[in-house]
Amino acid sequence: MATTTAKKTAKPAAGPQIRRTQLFIDNHWVDPIDGGSFETYNPANGHPIASVAAAGAKDVDRAVRAARRALESGPWSTMDAADRGRLMARLADLVEQNADELAALESLNCGKTIADSKGDVEGVCNTLRYYAGWADKVEGRTIPVRGNIFCYTLRQPVGVVGQIIPWNFPMLMLAWKWGPALACGNTIVMKPAEQTPLTALRMAELAQEAGLPAGVINILNGMGETTGAAIVNHPDVDKIAFTGHVDTAKIIQKAAADTLKRTTFELGGKSPNVVFADADLDAAVAGAFHAIYFHGGQCCTAGSRLFVESSIREEFVERLAEKAKGRLIGDPLDPKTEQGPQVSQEQLDKILHYVQLGEKEGARLITGGERVGTDGFFVQPTIFDNVRDEMAIARDEIFGPVVSVLPFEGVDEVIDRANRTNYGLAAAIWTRNLDKAHLFAKKVKAGTVWVNCYHVVDSNTPFGGFKMSGQGRENGEAALEHYTELKTVTIKLG
Ligand code: NAI
Ligand code: MG
């Protein structure tokens, strides 16, 4: 409580109604055959808010069969591509009409501020509309070949896709996965994160209302090791799209090898955010603050390695610390709140563990480092200075509001150090020097590079990682490749 204004809710604010907790299979709400149930919590106070159905292997099998039927013989299989797009656009309209409710439900279950949740809902609409537009533009080619031959290619759906998503952007990750999958005509068996099961169920309800045929979208909540693994191991699932921890991706890739499923992964990061002395410092301070503290640092792209040119380091850290101390932490449903709770006890413990490690390794704690209050999972915005590249806090993904400040002297040095990580999701540079910016953009090993901005992500632009930050790309045209199989048709002419 020492350094931040902590306004905590004793009682949960009047929350949104929880309409659905069952499994959604073949456009029906059903109880598990062999699964069970689990509690989902409000991270702002640690209290349970609902008991949610968990799918077992038999439920996964039911959902996969429904998805297979929809793919091979249902109305979805013969629907005009343009009509698929219209259904997706209708879903986006319904999301927009229910934006306030969806945002409140997201904030209640995930802890993100209501403003952030509203931003996510907007992102959901943008993504669905963007891919709705693609539905009738997924084209093959005609290829001139030797002989009296007519040759063309078709892009066809990969098939039944298993989609496993995390808790940090529950609805947005859902949309990033539904969008390209539906545009390309696939059918979906999705497992939301066990921490945040609720908005996916509401989205399923809206998908049905929009007119998506039975079996096209199936939502199975449950634990990763059971429900998630059953989806990954199911022989009739053609592809797994996963967002989460790199170790989970390794497990999934090994399991997927048995059936040679296609896999795409969007994993973590330890993204370098590099500030040169010649930058617009007001913008850079605000940008570095947003880079690490947006959604309490629970972003795969969080700017957690803050490289600051030595000549401005002291002033920069001071200004950043001042902002951090003034951050308003509290009930995510209160519109004044700037930072909500971390998602779970597990994440809270992980963050506090890294704070201890940082101090033990000799980094200098400038501000923060403590839990806020005793109920709910709130952490102070935290800054470590005097961090060295080899320290755990500079190497590991903390996934919380903890930034490591690393001084540097020159552009070649900082590029080299920025790249010394197994991750490669995002990177940013703050400078007025075009040469430095271009050199950095070319040399840094990251799927996304920001120049004088941070966390600018659009449904229209490819997103994904180099190295252990992932495989494949989501968003933009790039995602379509991962949701289609390419077929070559060769016709001998008379
Ligand atoms: P996780 O990777 O365990 O969970 C992500 C999803 O995978 C969840 O739906 C989970 O149920 C599922 N899952 C877990 N084990 C599985 C398995 N064996 N087979 C199939 N599915 C499985 O991540 P977790 O435990 O929630 O968070 C741990 C750390 O992972 C975080 O502290 C953070 O560092 C990182 N993370 C990265 C994210 C990103 O956006 N790249 C998102 C969430 C977490
Ligand atoms: Mg896990």
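Let me begin with one pair of helices: H10 passes H11 in a right-handed crossing, a crossing being right-handed if the near helix is turned clockwise from the far one by less than a right angle, and left-handed if anticlockwise. Please keep in mind that this is a predicted model, in which local features need pLDDT of at least 70 and side-chain atom pairs count only at pLDDT 80 or more, while totals for chains, interfaces and linings use all residues. Residues are numbered from 1 along each chain as its sequence is written, chains are lettered from A and ligands numbered from 1 in the order in which they are written, and side-chain values use heavy atoms, with hydrogens and water left out.

Two packed helices are described by the angle between their axes and the distance between the axes. For H10 (residues 281-293) and H11 (residues 313-325), the angle is about 55° and the axes are 10 Å apart, where helices are DSSP runs of H or I with at least four residues, numbered from the N terminus, and axes are lines fitted to C-alpha atoms over the stretch in contact, with angles from 0 to 180 degrees between N-to-C directions. That makes H10 oblique to H11, since angles under 35 degrees count as roughly parallel, over 145 as roughly antiparallel, 65 to 115 as roughly perpendicular and the rest as oblique. Their contact, meaning heavy atoms within 4.5 Å, includes Phe289 and Tyr293 of H10 and Phe316 and Arg319 of H11.

Now, how do H5 and H6 lie to each other? The axes of H5 (residues 114-134) and H6 come within 9 Å and cross at roughly 5°, and H5 and H6 are therefore roughly parallel to each other. Among the residues that make this contact are Val124 and Tyr131 of H5, together with Leu172 and Trp176 of H6.

H6 (residues 170-183) also packs with H7 (residues 198-210), at an angle of about 45° and with the axes 9 Å apart, so that these two helices are oblique to each other. In this contact, Pro170, Met171, Leu174 and Trp178 of H6 meet Thr199, Ala200, Met203, Ala204 and Ala207 of H7.

Finally, we come to the ligand. Ligand 1 is surrounded by 28 residues, each with a heavy atom within 4 Å of it, and the closest are Trp167, Glu194, Thr248, Lys350 and Glu397. For Lys350, an N or O atom in the side chain is 2.6 Å from an oxygen atom of ligand 1, whereas for Gly224 a backbone N or O atom lies 3.2 Å from an oxygen atom of the ligand.

Conventions. A polar contact is a pair of N or O atoms within 3.5 Å; within protein, one must be able to donate a hydrogen and the other to accept it, and residues adjacent in sequence count only if both atoms are side-chain atoms.
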